[in-house]
Amino acid sequence: MLELEHSNASRVFYHFEKICRIPHGSGNTKAVSDYCAAFAREHRLEYYQDALNNVIIIREASKGYETQRPVIIQGHLDMVCEKETD
């Protein structure tokens, strides 16, 4: 069971928790890249995935916002792994 499944934030953190369960340290981003690409396909979003595991997902503007300036959100697919528990 996901930790935040029953909180008010569950919708926001659902995919974050799933991504956290995928090992994705530096140089090991294929699985999390594939997860993002699968998310885009599942939601019928335009996406691009390259050989370096970068993913661009495009979601068109919501109805009524078509003339607004676009929003771009950028993030890293890799994470810093724990080297020592202490």
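The largest pocket in this structure has a volume of about 1500 Å³. A pocket here is an open set of points on a 1 Å grid over the protein atoms alone, where a 1.4 Å probe fits, with protein on both sides within 12 Å along at least five of seven lines. Grid points are joined across faces, edges and corners, and the volume is the space filled by probe spheres set on the points. Lining residues have an atom within 4 Å of a point. There are 37 of them, and the closest to the centre are F39, I57, I58, I73 and Q74.

Some housekeeping. This is a predicted model, in which local features need pLDDT of at least 70 and side-chain atom pairs count only at pLDDT 80 or more, while totals for chains, interfaces and linings use all residues. Residues are numbered from 1 along each chain as its sequence is written, and side-chain values use heavy atoms, with hydrogens and water left out.

Back to the lining. Two or more residues come from each of α1 (10-20), α2 (30-42) and β2 (55-58), and α1 gives the largest share, five residues. These helices (H or I, at least four residues) and strands (E, at least two) are DSSP runs, numbered from the N terminus. By class, the lining has 20 nonpolar, eleven polar and six charged residues. Nonpolar covers Ala, Val, Leu, Ile, Met, Phe, Trp, Tyr, Cys and Pro; charged covers Asp, Glu, Lys and Arg; the others, Gly among them, are polar.

Now the fold. Along the sequence the chain reads α-α-β-β. Strand β1 (residues 46-49) pairs with β2 in the antiparallel sense over four bridges; pairing requires that DSSP finds at least two bridges between the strands. Q49 stands opposite V55 in β2. The hairpin has five residues between its strands, and N53 takes a positive phi near 75 degrees.

What does the side chain of N53 meet? It forms a polar contact of 3.2 Å with the side chain of T29. A polar contact is a pair of N or O atoms within 3.5 Å; within protein, one must be able to donate a hydrogen and the other to accept it, and residues adjacent in sequence count only if both atoms are side-chain atoms.

T29 lies in the loop between α1 and α2. T29 counts as buried because its relative accessibility is 14%, and buried means under 20% (exposed is over 50%, partly exposed in between; 1.4 Å probe, protein chains only).

P23 is also found in the loop between α1 and α2, but P23 is exposed, at 56%.
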